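Hi there,

Here is the structure I promised to pass on to you.

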Amino acid sequence: MIIIFIGGHGRCDENLLCNVPEKVALTWYGCQGNSVGKDFSSAILKGAFTSPLPTGVVTTPLCEHYSCDSISLECEMRAQAFLEGPWDTDTYLIQARPDCIVPLSAILAYAVDKWKGRLIEIRWAVCRTSVRRKSFVVHRFNKETNMPYNELRSEKDPAPVPCEGTSSGIPIEEFEKKIYLEQWSSEKKTVSINETPTMKQMQNIFGGSASKQTGSSKESPL
């Protein structure tokens, strides 16, 4: 089986549907409408937590989800966590490149085309916040108990406003230009994504002034 982790920042649109092809399974590490903290995402990628949340059951019909752009440093940190996991060479990590928004429907079409005839499991390890409302719940991870927990956010402190400009019309041949694709290897334990984030990319991730936000110790959800 091919296992594909999805990293980055995630959103969903309840008004659009996403068809799941045959031989493809989806595993969710968060409830639809909620955010996923970086600590929980990292635990999933490292294999410290492998069970889907009870609220992560797939519903039918499935609404469209999106993997949103990250700065290169964030992508590198996730790839590093992924390489530390107890996986095999049939395990991959997909992340949207900076300034890109990749629909789940495009990820599914790409995976079915690239690994023809194989069973595929997509593991969504990022936020599932709605493009139509803000999230007030973040799934976090307690390293002492090795268990996730929910963190409630007040009305004055919601998750970042969802991304705009989402589109599902990405040709398969153009897909790899919009993602970082990392294959797990027992011999490869470091990763370097050599792209310097622009001020626009920093503002897209952290909001407002990039220099002000990056100086804060507060973590933004994925």
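Below is what I found in it, from the whole chain down to single residues.

First, the ground rules. This is a predicted model, in which local features need pLDDT of at least 70 and side-chain atom pairs count only at pLDDT 80 or more, while totals for chains, interfaces and linings use all residues. Residues are numbered from 1 along each chain as its sequence is written, and side-chain values use heavy atoms, with hydrogens and water left out.

On confidence: pLDDT is the predictor's confidence in each residue, from 0 to 100. The protein has a mean pLDDT of 79, with 73% of its residues at 70 or more. In residues 194-218 the pLDDT falls below 50, and this stretch has 32 contacts in the model beyond near neighbours in sequence (a contact means heavy atoms within 4.5 Å).

Now the overall picture. The protein holds 6 helices and 12 strands; these are DSSP runs numbered from the N terminus, with helices being H or I of at least four residues and strands E of at least two. Of its 222 residues, 47% are buried. Here buried means under 20% relative accessible area, exposed means over 50%, and partly exposed lies in between, using a 1.4 Å probe and protein chains only. The protein exposes about 10900 Å², and carbon and sulfur atoms supply 50% of that; the areas come from the Shrake-Rupley method with a 1.4 Å probe, and for residues only the protein chains shown count as cover. Among contacts with a separation of 6 or more, 84% are between residues 24 or more positions apart.

Next, the interior. A nonpolar core is a set of buried Ala, Val, Leu, Ile, Met, Phe, Trp, Tyr and Cys residues joined through side-chain atoms within 4.5 Å. The largest one has 25 residues, and those that touch the most other members are Ile4, Leu104, Ile107, Trp115, Ile120 and Ile122. Two or more residues come from each of β1 (2-7), β3 (24-28), β6 (91-96), α3 (104-114) and β8 (120-124), and α3 gives the most, with 6 residues. Another core, of 19 residues, lies apart from it and includes Ala43, Phe82, Leu93 and Trp184. As for Leu104, its contacts, leaving aside neighbours within four places in sequence, are Cys18, Leu26, Trp28, Leu62, Glu64, His65, Ile122 and Trp124.

Also in α3 is Ala109, which is partly exposed with a relative accessible area of 33%. Its C-alpha atom is 9.3 Å from that of Pro171, 62 residues away along the chain.

Strand β5 (residues 62-68) is worth a look too. Of its 7 residues, 7 are buried. Strand β2 (residues 9-18) runs antiparallel to β5 and is joined to it by 7 bridges; two strands pair if DSSP finds at least two bridges between them. His9 is opposite Cys68 in that pairing. β5 also pairs with strand β7 (residues 101-103) in the antiparallel sense, over 3 bridges, where Tyr66 has Pro103 as its bridge partner.

Between β5 and α2, the loop contains Asp69, which is buried at a relative accessible area of 8%. The C-alpha atoms of Asp69 and Arg97 are 5.6 Å apart, although 28 residues separate them along the chain.

β4 and strand β10 (residues 137-142) run parallel and share 2 bridges, with Ser35 partnered by Val138.

Finally, two backbone angles. Most residues other than glycine have a negative phi. Asp99, in the loop between β6 and β7, has a positive phi near 70° and is partly exposed at 45% relative accessible area. Asn146, in the loop between β10 and β11, has a positive phi of about 55° and is partly exposed at 41%.

Best wishes
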